[in-house]
Amino acid sequence: MVLAAFFTCPKYFLTKEDPQRHTFRLFLAALTLSEVKLKVLILLLGYCLWGQGPLEAQVKPSSPRDRTQVNRRMSREVKPRNVILMIGDGMGLAQITAGMYANGNRIALEKFPVVGLVKTASARDLITDSAAGATAYACGQKTYNRAIAVDTNRRPLRTILELLEEEGYSTGLIATSSITDATPAAFYAHQPDRKMQEEIANDMLKVRVEVFAGGGRRYFEARSDGRNLLEAFRIMGYDVYTDWRQALGSRADRLVCLAAEDGLPRVSEGRGPFLPEFTVKSLEILNRNPKGFFLMVEGSQIDWGGHANDDQYIISEMLDFNDAIENVLDFAMKDGQTLVVVTADHETGGFGLTKGNLKGENIGGEFVTKDHTFCMVPVFAYGPGADKFSGIMENTEIYHRIRKLLKL
Ligand code: MG
Ligand code: ZN
């Protein structure tokens with residue numbers, strides 16, 4: 001009897017919850033009692049334990065701080081239902097910092113309880129491009145620059161999006177570049193070179209992605225083979241739009257929106273809140289699947305601002321991406337079952353922050369290159385399993401850790 005009671009006791013040592021401390025005192029008292037009284041007490045103890053239910057159920061989120069604590073506790077114990085991977089293309093620490101100070105010293109990434117650093121080198125080069133960078137996240141393998149979800153021998157690698165589609169998840173892709181551009185492409189296409197955008201568009205037909213939105217219409221309907229892939233998507237039951245504001249009103253379960261011939265306009269040139277609003281629209285569609293979903297959201301043009309050595313371009317795209325992150329966090333906080341991972345494929349421009357003041361005016365800096373750099377980039381995680389994304393890791397680890405958390 002004493003032994004049986006003893007087996008339940010480590011739980012009381014490990015917890016600071018008041019009712020349980022109370023039952024532990026009861027247990028100590030029991031050690032001095034007769035065997036009959038002891039039996040009754042053990043039954044009572046068992047009832048207390050059983051009646052209290054799992055630990056997570058006892059914590060009711062009431063404030064963002066409480067939610068973070070729930071999040072931390074759940075992160076050790078619960079498999080995420082949904083995964084949202086957000087990639088700021090070319091988003092190094094300087095790009096984030098510039099956006100934060102230009103935004104009055106505030107950024108959604110501050111709400112993430114877990115931060116890590118990612119090594120971005122590709123299979124053959126210290127400096128990766130977005131194709132090899134996205135392939136590492138989509139497939140868990142380093143490859144050569146320009147490769148779209150193929151290995152160094154040009155053999156196709158199954159992507160996490162394809163794997164989750166097969167497992168019955170819903171999936172979505174959103175970018176402010178062409179949807180056939182390297183970052184989104186590496187999640188659904190398999191091509192030896194990123195410039196093969198018509199072939200990449202054709203690969204989209206083979207994966208039943210529920211929602212995809214961005215630019216790149218020309219690779220679907222003004223093709224050298226004369227086919228109109230948008231018509232094919234209509235036949236497959238998708239709602240197809242070329243105006244993203246109209247697409248927000250769609251009630252379909254499968255949605256395509258290609259809002260530009262190639263990349264979308266800059267946010268500073270009238271793109272509007274496409275990225276934050278379409279992210280919310282995708283979540284509404286994808287969340288209809290009880291099995292769960294995988295969504296990749298790319299802030300594509302932070303990189304383009306870096307290539308242009310244009311600090312204001314970087315900052316405006318960074319803040320647009322920040323609005324999308326804010327919307328994703330709102331969803332994830334309410335949902336409680338969604339892992340959110342925000343990272344970058346590489347840094348662009350060798351951006352160094354040297355200009356501005358504490359009022360957040362004229363924030364900017366200088367650049368050391370028009371190309372990418374191999375500086376580590378940050379990763380931020382929120383939700384069940386978030387704690388797996390701390391420390392320094394190779395880019396391929398993001399894939400492996402997500403996959404392990406999903407038990408696949
Ligand atoms: Mg990109
Ligand atoms: Zn780039």
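G172 has V211 in β4 as its bridge partner. Strand β3 (residues 170-178) and β4 run parallel, joined by 4 bridges. Strands here are DSSP runs of E with at least two residues, helices are runs of H or I with at least four, and both are numbered from the N terminus. Two strands pair if DSSP finds at least two bridges between them. The model is predicted: local features need pLDDT of at least 70, side-chain atom pairs count only at pLDDT 80 or more, and totals for chains, interfaces and linings use all residues. Residues are numbered from 1 along each chain as its sequence is written, while chains are lettered from A and ligands numbered from 1 in the order in which they are written.

**Chain overview**

- The protein chain has 18 helices and 14 strands.
- Buried residues make up 48% of its 408 residues. A residue is buried if 20 or more other C-beta atoms lie within 10 Å of its own, exposed if 12 or fewer, and partly exposed in between, with C-beta atoms placed from the backbone.
- Of the contacts in the protein chain with a separation of 6 or more, 69% come from residues 24 or more positions apart. Two residues are in contact if their C-beta atoms, placed from the backbone, lie within 7 Å.

**The sheet**

- Ten strands form an open sheet with mixed pairing, in the order β5-β6-β4-β3-β7-β1-β8-β13-β2-β14.
- β5 (239-241) and β14 (391-394) stand at the edges with a single partner strand each, so one side of each has no neighbour in the sheet.
- On average, neighbouring strands of this sheet are turned by 15 degrees against each other, direction ignored.
- Strand β4 (residues 211-215) is largely enclosed by the rest of the structure, because 5 of its 5 residues are buried.
- β4 also runs parallel to strand β6 (residues 255-258), through 4 bridges. G214 stands opposite L258 in β6.
- Strand β8 (residues 338-343) and strand β13 (residues 377-382) run antiparallel, with 3 bridges. There, V342 stands opposite F380 in β13.
- Helix α17 (residues 311-335) lies across β1, β7 (293-299), β8 and β13. Its direction is at about 165 degrees to β8. Axes are lines fitted to C-alpha atoms, for helices over the stretch in contact, and angles run from 0 to 180 degrees between N-to-C directions.

- All of helix α8 (residues 130-139) is buried: 10 of its 10 residues.
- The cover over the buried residues of α8 includes β1 (82-88), α9 (160-166), α10 (182-185), α16 (302-307) and α18 (395-405).
- α8 and α18 pack at an angle of about 25 degrees, and their axes are 6 Å apart.
- The two helices, α8 and α18, are therefore roughly parallel to each other. Angles under 35 degrees count as roughly parallel, over 145 as roughly antiparallel, 65 to 115 as roughly perpendicular and the rest as oblique.
- In their contact, G133, A136, Y137, A138 and C139 of α8 meet N395, T396, I398 and Y399 of α18.
- The residues of this contact of α8 with α18 divide into 6 nonpolar, 3 polar and no charged. Ala, Val, Leu, Ile, Met, Phe, Trp, Tyr, Cys and Pro count as nonpolar, Asp, Glu, Lys and Arg as charged, and the others, Gly among them, as polar.
- Buried residues of α18 are N395, E397, I398, Y399, R401, I402 and L405.

**T373**

- T373 sits in strand β12 (residues 372-373).
- T373 counts as buried because it has 22 C-beta neighbours inside 10 Å.
- Leaving aside its neighbours within four places in sequence, T373 is in contact with I127, E347 and G350.
- The C-alpha atoms of T373 and L126 are separated by 8.3 Å, although the two residues are 247 residues apart along the chain.

**Positive phi values**

- Most residues other than glycine have a negative phi.
- R154 is not a glycine, yet has a positive phi of about 65 degrees. R154 lies in the loop between α8 and α9. With 13 other C-beta atoms within 10 Å, R154 is partly exposed.
- N362, also a residue other than glycine, has a positive phi near 50 degrees. The loop between β10 (352-355) and β11 (364-366) holds N362. With 11 other C-beta atoms within 10 Å, N362 is exposed.
- Just after α8, G140 takes a positive phi of about 75 degrees.
- Just after α18, K407 takes a positive phi of about 55 degrees.
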